[in-house]
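Me: I've got a model open and I'd like to learn how to read it. Can you take me through it feature by feature?

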Amino acid sequence: MSSKTAKPEKIRCDACPVMCYIADGNSGACDRYANQDGELIRLDPLTIIEKNVADGNPVVPFLETGEVWDGDVVQSKERFITAIGAGTTYPDYKPAPFIVSSNAGGVDTVTVVTEGIFSYCGAKVKIDTDRHLGPERNLVRANGEPVGHVTTAEYGSQMLSIGGVHHLTGGGKKEGRVTCETLLALCNGQAVELSIDGGADLVVQANKPPIVNGAAEERMRVGCGSAAVGMFASQWKDLVDEVVVVDDHITGVMSEHQAGKVIGWQETGIRIKGRRSTPGRYFQVANPGNGWGGTDLVDPLTILGDFNPKKAKPGLSLLMVSTTGEQFAYFELNEDLVPIEKDVPEALAPSIERIDENCEPALCSVVFMGGAGGSLRAGVTENPVGLTRSVQDSLTNITCGGAPTYRWPGGGITVMVDVTRMPENSFGYVPTPAIVAPIEFTMSMENYIALGGHADHVLDLVDAISANSGRQKDHILNGQRFVDAHANNPWPIKGKH
Ligand code: SF4
């Protein structure tokens, strides 16, 4: 006799528009949900941040402290349920996975917790370097696919805009997939290889030095050439006749600069090939590049014209230095008023070291930026505009994985968050493609009811953390991960919102 064993049916995940049918023992297309014995399980554990009540401060940032709740909710630790591992509100009309009440400083508060699916999102990447990475507006590529562009440089840093809805949805299928992978890796703190059209090859990783064309960047500039002249004018006085700080943006010339004038620097007859902006400040002395001060200069003398023989004298001394102090050279004029390179006098060495000392370490910074739209807001309230207004009126605090966010002014809910202030691996993806990011809305209970919140679904913090909360409305949680609050983050729940 033989008996047929019934093949387990596939179950459907409806946590995103892909609507995977998942067989027992398998995971869905995003690896976030799986079928475990016929039940839909969220694979990443629910992340709960905690801090000691006694001192109000966490001991060590983001160390895992255990997988299992120890039953201690109020005695010695404050806890905050983040959206990481909580599950997603989809379709839009469902209440968020967790709507948690707690009491903070005598105020009843509510935190609405959900993993948002962001089609409108990207990362702003700040790369501390003087080196020219590529022309503004040029494409940034990963694996050959366009995933972003070079945007306006900031003081001492080059900026990239990565992701965005046009790369995620507006190009080919591969472009969308690679953009999503790149964003996910960047936001989860992994190293990403990028190349810029007409520019550099990069390795970028949050909170790590950038690698530009194979070389790790060490330091930021002390300032632009003009600022460096101003900062160090008095230290160079009487040690050298002229100083030029070479910079791709604003090259500074001591004897002409206001900083030199006010402390009595004499004219030297120097002539700079570049566009004079104001006295002692020159633009466009060379092309952008990987040489002196972010220019393509290998020989700094290239930017000098002939010295004015009415003002210059043989023996006149000249120090040329870059904005990071990495490159420097010392010259004296010969009888024909031609600069001849000589060893740097010992007396000048401390001032060059001072530039170096004032340069901060070069790092990459990754800030996630996303717009909270339909499903997110509907998961909080039946009247989504109520949440928008509450956020805009600063009655609702938004955190991402417990980290503080910056909300853009104007319409909608567009937030930015430093990914290094969030717990590890806070981000996920779905293959639509879109990024999954945790988001929490915290407000007073009074305000939550006033904005039409899902008051019937509010769960006390103790119940939410208790072992029984593993079973959610439409899926099962995969345990809990407790992490210490980030030392630099404000606690997400304040007494008043
Ligand atoms: S991609 Fe992930 S979230 Fe979307 S339906 Fe499949 S398993 Fe669920």
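Me: Let's start with the open sheet: what is its strand order?

Reply: In general, strands of a sheet pair through backbone hydrogen bonds, either parallel or antiparallel. Here the open sheet has 11 strands in the order β17-β16-β15-β14-β11-β12-β13-β10-β25-β29-β28, with antiparallel pairing. Its edge strands are β17 (215-216) and β28 (406-407), each pairing on one side only. Helix α2 (residues 173-187) packs on this sheet and touches β10 (121-128), β11 (139-142), β12 (145-154), β13 (157-163), β14, β15 and β25 (364-371). The direction of α2 makes about 50° with that of β12. Contact means heavy atoms within 4.5 Å, and the axes are lines fitted to C-alpha atoms, for helices over the stretch in contact, with angles from 0 to 180 degrees between N-to-C directions.

Me: What should I know about the numbering and the model itself?

Reply: This is a predicted model, where local features need pLDDT of at least 70 and side-chain atom pairs count only at pLDDT 80 or more, while totals for chains, interfaces and linings use all residues. Residues are numbered from 1 along each chain as its sequence is written, and side-chain values use heavy atoms, leaving out hydrogens and water. Helices (H or I, at least four residues) and strands (E, at least two) are DSSP runs, numbered from the N terminus.

Me: How many bridges join β14 and β15?

Reply: Two strands pair if DSSP finds at least two bridges between them. Strand β14 (residues 192-196) and strand β15 (residues 201-204) have four, in the antiparallel sense.

Me: Which strands pair with β9?

Reply: Strand β8 (residues 98-104) is joined to β9 by seven bridges, running antiparallel, and F98 has V113 as its bridge partner in β9. The two make a hairpin with two residues between them, and G105 in that turn has a positive phi of about 55°. Strand β31 (residues 434-444) also runs antiparallel to β9, through 10 bridges, with T114 opposite I439.

Me: Is β9 mostly covered or mostly open?

Reply: Covered: 10 of the 12 residues in β9 (residues 107-118) are buried. Buried means under 20% relative accessible area, exposed over 50%, and partly exposed in between (1.4 Å probe, protein chains only).

Me: Where does L318 sit, and what does L318 touch?

Reply: L318 is in strand β22 (residues 317-322) and counts as buried because its relative accessibility is 0%. Leaving aside residues up to four places away in sequence, L318 touches V240, E242, V244, I270, L304, F307, A329, Y330 and F331. L318 and F331 are 13 residues apart along the chain, yet their C-alpha atoms are separated by 5.1 Å.

Me: And S226, buried or exposed?

Reply: S226 is buried, at 9% relative accessibility. This serine lies in helix α3 (residues 225-236), and its contacts beyond four places in sequence are I250, G252, H257 and R281.

Me: How many disulfides are there?

Reply: A disulfide is a covalent bond between the sulfur atoms of two cysteines. The cut-off is a pair of cysteine sulfur atoms within 2.5 Å, and the count here is zero. Take C121: its sulfur is 7.3 Å from the closest cysteine sulfur, in C187, so that is too far for a bond. C121 is buried too, at 5%.
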